[in-house]
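Welcome, and thanks for taking a look at this one with us. Have the sequence and the 3D view open side by side, and let's walk through a few features together.

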Protein chains: 2
Amino acid sequence: MEPIRVGLLGIGTVGGGTFRVLARNQEEITRRAGRGIRITMVADTDVARARSIVGDAAVVTSDAFEVVRHPAIDIVVELIGGTSVAKELQLAALANGKHVVTANKHLLAKHGNEIFAAARERDLMVGFEAAVAGGIPIIKSLREGLTANRIEWIAGIINGTSNFILSEMRDKGLGFSEVLAEAQRLGYAEADPTFDIEGVDAAHKLTIMSAIAFGVPMQFERAYTEGISQLTQLDISYAEAFGYRIKLLGITRRTAAGIELRVHPALVPAKRLIANVEGVMNAVMVKGDAVGVTMYYGAGAGAEPTASAVVADLVDVTRMHTADPEHRVPHLAFQPDQLADTPILPISEVVTANYLRMRVVDRPGVLADITRILSDEQVSIDAMLQKEPEEGQDQVDIILLTHPTKEAAMQAAIGRIEALAAVLSKVTKIRLEALRA
Amino acid sequence: MEPIRVGLLGIGTVGGGTFRVLARNQEEITRRAGRGIRITMVADTDVARARSIVGDAAVVTSDAFEVVRHPAIDIVVELIGGTSVAKELQLAALANGKHVVTANKHLLAKHGNEIFAAARERDLMVGFEAAVAGGIPIIKSLREGLTANRIEWIAGIINGTSNFILSEMRDKGLGFSEVLAEAQRLGYAEADPTFDIEGVDAAHKLTIMSAIAFGVPMQFERAYTEGISQLTQLDISYAEAFGYRIKLLGITRRTAAGIELRVHPALVPAKRLIANVEGVMNAVMVKGDAVGVTMYYGAGAGAEPTASAVVADLVDVTRMHTADPEHRVPHLAFQPDQLADTPILPISEVVTANYLRMRVVDRPGVLADITRILSDEQVSIDAMLQKEPEEGQDQVDIILLTHPTKEAAMQAAIGRIEALAAVLSKVTKIRLEALRA
């Protein structure tokens, strides 16, 4: 049988990796897929670079629309990224009867519902394993491996850049800005690192996982996002003193009131495996009612890890493109007419434990005032640390860990605490996640 | 559409879990599968127990053959275990046109090639996610999630009983027999624990993973198996002193000479995530050439975790049973006519680093004799520990870590060392696996 013909849009890091992996492992992939998979067209704005990578193996063009319309292309791999041209290209590919494989989490988190609807209309597949956690087969695991379960929650380290920064801050005792600069030098952070360090990229990925886990449409605009740029060395060491590590987590959880969908730094017990995931690696914990806690670990980015996921999708499409659509796994795990309208909870309704740090005047009665406010607002204290003031200082840090508390109550208490004359700083609040099995 | 009809053979721990999970999550599973899945017949030797579990929901019989022949059954779930009746039943189910789902690793490791051939002849599916690592979707991840990769190696903690025993020995400083007795009290070890503690169960699971990873037939009879019953507290603490933990690992690796297929205790760097997998939990590391190292973690046994895998297979079969066989994923990931005849290496040809412990007379020249023998046999030393003798003693322990060495050379050296008059004990040898990314 002739190989299936793939048009590649964008041959940068991941595109180059995809081309290389397909070429190198061609024989083994064909032995699995039962049919060859060949990239026959490549579109890239840098035509010379594209030619230098693909040689004579594929037609190179600067016009991506030529590829998505070309009759001799069966699958379009979109690796351009972003939400404008990429969206047009994916929709044009689908309109032209091509299956789509993509790593574009940004586009799917924002417009995935529309793209999947367009695909369904034409009985086409959209593969997006590469959009979440790079080479870790987390989409397949959630969508097919855990179908028996009512998923309770997902908690993941799903942004390698921010995990690298947090690991380095803890390891080397450096500040956020220094480590960010190092990450940029190493190519782990982009010149504009906002999406990575402010949790936006993680929220894209979390939105996709949440939809699959709970059978709801993707609702990125309702995700709560808080980044790591405000984290200090001080909080990392105090957390350590209590037996915790600070990680940027994407968390989605089903509660009686609705679905939580939030990205923020969190204290995690140091003994949890996920607390020990270091550097640019990713890991996703999934709690199902039958299976309990499972975890998936691997490289969340990079040329070949991400290519691994792109090619896995290509194999799936190759196997299933002539199959009746009813035999295919639905994009969001649940049959498209079976999505629920469970609401996404606003962050004010979310209940979490918290770490609080504040600087206060070291005099009698201050702690009593603080604990009275907490008690008034129904915030219950789980642990506390107050060190002796340094010599010649009349200020001390108070660190509190709270029991699970509704965000709104926590914020009300913090507002009142910050209004106390003896409280000299803003209250630093970092959520705490026990991630119990 | 009418639900698909499942006949359940054996309603013990996992069978009961499967029945419960399917009943409890019926609505959610149906929303995913697009069709209901119902257990309509149950066979168990204990008919009364079976009735008490299923009530009026299913027909109960003591004759499993009645189920595999029954025209109103679409899928047979075999949870009886063992290799005699279970084999007859699976083959009879296939002969009668039923798809099969099973957790029976023992049967598949020994007779899987025959069973898959029988299934192929009738265009039927055999699902066995539950046979390896319980609820962890490792079969799906290997078979579909990592199809882009040339798999280099797999290393897994795939027997919960032995991992529980090793965790307890380390945590509590107890001996093997004491902890085994405790595991038996807790129901984590069977009355006859041989399969678990001697690595046989792990070798069954490893055989299945190896076939999928490397595209070879299952060859359980060529697996090397060494258990944990000889491990002592002393070795656990010496390993710790070097920065290692001891785990029972199943390892399969592709080398230029052939495939390694071996289960044995191994020292693993304490900083590796897998070294921190404790108690009855399982974890499987997979190294692919594109994706790098990935790891999959979760409960490797138990009623509902295993049921999670059984039901995931039921959903797959429900989705695919009317599809053309070419659309289905091959049992061993590779197309059946594409299996390779790569040989399984005998253990004598396997190259690993090693931990060696020996008790020697504390006198000049002993260490020189030992190191000379090692050097003669081309065994190179990576690290060494010799403590001062305890007061009044003239014996000391020598601990050596070797660089990677061919097993045959290692054995030759050990034979010569044990023949030295100053060496008072057998040499304890435990392999060491760096498990580097």
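In which loop does Ala333(A) lie? Ala333(A) sits in the loop between α13 and β13 (351-361) of chain A; helices (H or I, at least four residues) and strands (E, at least two) are DSSP runs, numbered from the N terminus. This is a predicted model, in which local features need pLDDT of at least 70 and side-chain atom pairs count only at pLDDT 80 or more, while totals for chains, interfaces and linings use all residues. Residues are numbered from 1 along each chain as its sequence is written, and chains are lettered from A and ligands numbered from 1 in the order in which they are written.

**Backbone with positive phi**
- Most residues other than glycine have a negative phi.
- Ala333(A) is not a glycine, yet its phi is positive, about 75 degrees.
- Ala333(A) is buried, with 23 other C-beta atoms within 10 Å (buried means 20 or more such atoms, exposed 12 or fewer, partly exposed in between, with C-beta atoms placed from the backbone).
- Gln378(B), also not a glycine, has a positive phi of about 65 degrees, and its place is in the loop between α14 and β14 (381-386) of chain B.
- Gln378(B) is partly exposed, with 13 other C-beta atoms within 10 Å.

**Where the chains meet**
- β12(A) and β12 (residues 292-299) of chain B pair in the antiparallel sense over three bridges (pairing needs at least two DSSP bridges).
- Within this pairing, Tyr297(A) stands opposite Met295(B).

**Helix α15 of chain B**
- Glu407(B), Met410(B), Ala413(B), Ile414(B) and Ile417(B) are buried in α15(B).
- Seen down the helix axis, the buried residues of α15(B) fall within an arc of 125 degrees, so they line one face (the arc is that of the directions from the axis to the C-beta atoms).
- Those buried residues pack against β13 (351-361), α14 (366-376), β16 (405-406) and β17 (428-432) of chain B.

**Nonpolar core**
- Val284(A) and Val284(B) touch the most other members of the largest nonpolar core, which has 303 residues (a set of buried Ala, Val, Leu, Ile, Met, Phe, Trp, Tyr and Cys residues joined through C-beta atoms within 7 Å).
- Beyond its neighbours within four places in sequence, Val284(B) has contacts including Ala133(B), Ile154(B) and Met295(B).

Terms used: Two residues are in contact if their C-beta atoms, placed from the backbone, lie within 7 Å.
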